[in-house]
Amino acid sequence: MQAVVIDRFGEPKDVLTAQEVPPPAPGPGEVRIAMTLSPIHNHDLAIIRGVYGYRPPLPAVPGTEAVGVVDAVGPGAGIQVGQRVAVAGARATWADFFLARAEQVVPMPPTVSDETACQLLAMPLSSLMLLDDLRVQPGQWITVNAANGAVGRLVNLFAQQRGVHVLSLVRGPGSVRAMEQFGYGPVIDTEVEGWAARAASVTNGEPIVRGVDQVSGQAAGDLMSLLAPRGELVSFGALSGQPLIIDTGAVIFKQAVVKGFWGQQRSAEIDHADYIRLVHELVGRAADGTLRLEVQAEFPLDGAADAAVLSETPGRNGKVVLRAGAR
């Protein structure tokens, strides 16, 4: 079969190659899935660079989420061959076939498109858990940067449904228009002079109680400047590749809290009944069309390096995904 392989950690454009490798065989409690689509997430690229909380042994096949069809089952798996499923928290999904534990797979209704199903579980589930952890009430304000990305759009969607207001920060007029077309607002372009003053005015004097930072660097300090006293800044990512740059005075005099959120760890800690509830909520919303996740571009497995570059290109308004070859 064909798979995307890294033999060393480094920049995705330099280390991602397509290779012919043997197909994996499912063991007890495992299923083998013929991959249809697999998205490129920011954490996938961090794993490839060797800077994530998990470093796979090399050589490694990247990829952590996908939609596909069950192709083979191991003893005790209890899953039917031919079933269309989505999987998150897996390993080596950027391949024609990959393995997953039976408890990881979620059957997908036919009304959920491959484009939505392939990215339904990882970022949406993290976004739901994030909102739970923020402990915000209807009518309160939060702010999120890189808001035109998958997590930013999902936080907006779920917050709207909970009556929570979101101030979305993006870069560039194209990203502003895209967010407004989704019906999300207010949206502010941080490349426009005086954006911070405008951000302070659009809430009509209401305090911003939480900030979700996906960029790090100075962007984290910008979010801190918008927070109300006793607000919380949650570090969700580091798209800039820089450490947090936060004014000490703002932390002290606002008595602010700075903390991190790691969806993978949170998923491991969550009560199983809550996990099932959240997954059912996501699948239900996708099935009825309430939750639709866009794909901007598809690449074959041997185009993974170019796909990774596009995935990190500013102004993107949908996921970049890999499609397995014809079988």
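Biologist: How far apart are the mean positions of the positive and negative charges of the protein?

Modeller: The mean positions of its 26 positive and 33 negative charges are 3 Å apart. Lys and Arg count as positive and Asp and Glu as negative, while His and the chain ends are not counted. Each charge is placed at NZ of Lys, CZ of Arg, CG of Asp or CD of Glu. Please keep in mind that this is a predicted model, where local features need pLDDT of at least 70, side-chain atom pairs count only at pLDDT 80 or more, and totals for chains, interfaces and linings use all residues. Residues are numbered from 1 along each chain as its sequence is written, and side-chain values use heavy atoms, with hydrogens and water left out.

Biologist: What makes the protein as compact as a globular protein of that length?

Modeller: Let me start with its make-up: there are 12 helices and 15 strands, meaning DSSP runs numbered from the N terminus (helices H or I, at least four residues; strands E, at least two). The radius of gyration is 20 Å, close to the 20 Å that the globule rule gives for 327 residues, so the protein is as compact as a globular protein of that length. That radius is taken over C-alpha atoms, and the rule is 2.2 Å times the number of residues to the power 0.38.

Biologist: Why is the contact between Glu-232 and Arg-210 called a salt bridge?

Modeller: A salt bridge needs a side-chain nitrogen of Lys or Arg within 4 Å of a carboxyl oxygen of Asp or Glu. The N to O distance here is 3.6 Å, and the two side chains meet in a salt bridge. This pair links distant parts of the chain, with Glu-232 in strand 12 (residues 232-235) and Arg-210 in strand 11 (residues 208-213), 22 residues apart. By this rule the count comes to 15 salt bridges.

Biologist: And why is Glu-232 called buried?

Modeller: Buried means under 20% relative accessible area, exposed over 50%, and partly exposed in between (1.4 Å probe, protein chains only). Glu-232 has 9%, so it is buried. Arg-210, at 10%, therefore counts as buried too.

Biologist: How do you know that Arg-292 counts as exposed?

Modeller: Its relative accessibility is 63%, so Arg-292 counts as exposed. Its salt-bridge partner Glu-294, with 3.5 Å from N to O, has 27% and therefore counts as partly exposed.

Biologist: What makes Glu-298 and Arg-323 a pair that links distant parts of the chain?

Modeller: Their side chains meet in a salt bridge of 2.8 Å, N to O. Glu-298 is in strand 14 (residues 295-300) and Arg-323 in strand 15 (residues 319-323), 25 residues apart. With 37% relative accessibility, Glu-298 counts as partly exposed, and Arg-323 does so at 31%. Elsewhere, salt bridges that share partners join Arg-135, Arg-210, Glu-232 and Lys-259 into one network.

Biologist: What makes helix 2 mostly covered?

Modeller: Six of the eight residues of helix 2 (residues 42-49) are buried, among them His-43, Asp-44 and Leu-45. Their cover includes helix 1 (12-15), strand 3 (30-39), helix 4 (122-134) and helix 12 (304-311). Gly-50 follows helix 2, with a positive phi near 80°.

Note on methods: Contact means heavy atoms within 4.5 Å.
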